[in-house]
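Here's a quick briefing to read alongside the model.

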Amino acid sequence: MEIKNLVRKNILNLQPYSCARNEFKGEARVLLDANESPYNSPYNRYPDPLQIAVKEKLANIKGMKPEQIFLGVGSDECIDLVYRVFCVPGVDNVVAIDPSYGMYEVCADINDVEYRRVPLTDDFGLDIEALISATDAHTKAMWICSPNNPTGNAFSLDEIEAIYRRFNGILVVDEAYIHFSAKGSMLSRLNKMPRLIVLHTLSKAWGSAAVRLGMAFASTEIISIFNNVKYPYNINLLTQQYVLNRLERRAEVEAQVKALLDARKKLEAELAPLPFVLKVFPSDANFLLVRTTDADGIYRFLIERGVIVRNRNRVSKCLGCLRITVGTPDENNDLIENLKEYGK
Ligand SMILES: *Cc1c(COP(=O)(O)O)cnc(C)c1O
């Protein structure tokens with residue numbers, strides 16, 4: 001299946017907006033082409049619409065070409081673009097594992113695209129046969145989140161590739177939590193899988209949720225279509241400057257990831273023996289999914305004490321479950337001390 005057969009006709013035929021900063025590239029002494037103010041440099045100028053400096057640095061880190069990278073306002077923008085580029089509203093559908101990240105369905109609803117949920121197995125594994133059976137000629141994309149939110153587990157790369165080999169549409173693998181997993185990234189297989197899109201984000205391990213930067217990695221063909229559809233200056237200059245700086249501090253981020261992995265292990269060991277904890281699910285992420293005897297009660301009890309966790313009690317396959325982010329050692333101790341008071 002060729003990419004262009006998966007793209008909506010109006011998008012394929014689109015004449016994209018050509019901004020001043022695209023038409024003229026190079027060094028100039030006098031810039032009078034974009035109706036900007038000449039004052040308050042450098043913020044008076046429109047930013048680089050393709051964020052080349054950031055992409056070159058990222059390409060270096062991730063081992064790929066800058067043309068294989070799309071930058072969005074959070075992963076949210078990348079998720080929305082999958083629908084806007086590939087799915088005809090009211091006609092096409094997508095398939096997704098269930099439970100998984102809520103934004104896939106919200107964006108499907110906003111774009112009027114049918115969202116087909118395929119349950120994970122009882123131990124949160126992929127049901128490959130069911131995923132493939134759920135597809136039809138109008139299935140343009142499939143969502144796999146690995147490590148998965150809220151279940152916390154990562155899937156094997158071979159299983160994900162097996163799905164790709166049997167499905168003719170766009171396979172999106174959301175790796176927001178990849179830094180916390182030992183199972184590896186699908187980025188290593190990007191070059192042999194032209195219908196694959198891998199999502200990463202600055203919001204988790206990179207510690208920069210506030211700046212809103214998401215990344216999509218894919219074939220140059222897919223990335224150039226994303227670039228045609230996005231708002232011309234989606235990533236502002238403040239963000240581009242911040243990210244260039246942040247990417248210099250990889251050693252710091254790696255140390256934080258290591259600290260969080262140690263803290264996850266400790267938290268897991270402290271949660272498991274609590275009398276109301278039925279199961280702490282194995283995690284490849286920076287959070288733990290915990291099955292309890294009374295998720296609603298514990299959730300409310302913790303709120304009264306100023307500790308907020310995520311109640312997943314009403315999410316499919318997550319009956320009784322709370323999702324707990326791994327914090328600093330102090331924060332984790334605070335949580336555990338409070339939980340020891342529950343039911344007393
Ligand atoms: C947190 C999270 C993201 C990050 O989204 P941003 O818009 O980049 O902040 C993406 N996917 C999943 C599954 C997440 O849990």
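Which residues of the largest nonpolar core touch the most other members? They are L126, L131, I144, I163, L171 and L196, out of a core of 52 residues. Keep in mind that this is a predicted model.

**Nonpolar cores**

- Helix α8 (residues 157–166) gives the largest share of this core, with 4 residues.
- Take L131 as a way in: leaving out residues up to four places away in sequence, L131 touches V95, A96, I97, V118, L126, M142, I144 and I163.
- Among those partners, L126, I144 and I163 are also on the list of core residues that touch the most other members.
- There's another core lying apart from this one, made of 34 residues, and V7, V85, Y115 and L199 are among them.
- As background, nonpolar side chains in soluble globular proteins tend to be buried together.

**Ligand site**

- The ligand has 14 residues around it, and Y177, T201, S203, K204 and R212 come nearest.
- Sorted by class, that shell has 5 nonpolar, 5 polar and 4 charged residues.
- If you're looking for the element with the largest share of the shell, it's helix α5 (residues 74–86), with 3 residues.
- S203, one of the nearest residues, has a polar side-chain atom 2.7 Å from an oxygen atom of the ligand.
- For N149, a side-chain N or O atom is 2.8 Å from a ligand oxygen.
- For D76, a side-chain N or O atom is 3.2 Å from a ligand oxygen.
- On its own the ligand has 390 Å² of accessible area, and the protein covers 94% of that.

**Two loop residues**

- R189 is in the loop between β5 (170–174) and β6 (196–201).
- Is R189 buried or exposed? R189 has a relative accessible area of 16%, so it counts as buried, the cut-off being under 20%.
- Not counting residues up to four places away in sequence, R189 touches L157, D158 and E161.
- G169 sits in the loop between α8 and β5.
- G169 is buried too, with a relative accessible area of 0%.
- With residues up to four places away in sequence left out, the contacts of G169 are L6, T139, K140 and R195.

Key: Residues are numbered from 1 along each chain as its sequence is written. This is a predicted model: local features need pLDDT of at least 70, side-chain atom pairs count only at pLDDT 80 or more; totals for chains, interfaces and linings use all residues. Side-chain values use heavy atoms; hydrogens and water are left out. A residue is near a molecule or strand if one of its heavy atoms lies within 4 Å of it. A polar contact is a pair of N or O atoms within 3.5 Å; within protein, one must be able to donate a hydrogen and the other to accept it, and residues adjacent in sequence count only if both atoms are side-chain atoms. Accessible areas come from the Shrake-Rupley method with a 1.4 Å probe; for residues, only the protein chains shown count as cover. Ala, Val, Leu, Ile, Met, Phe, Trp, Tyr, Cys and Pro count as nonpolar, Asp, Glu, Lys and Arg as charged, and the others, Gly among them, as polar. A nonpolar core is a set of buried Ala, Val, Leu, Ile, Met, Phe, Trp, Tyr and Cys residues joined through side-chain atoms within 4.5 Å. Buried means under 20% relative accessible area, exposed over 50%, partly exposed in between (1.4 Å probe, protein chains only). Contact means heavy atoms within 4.5 Å.
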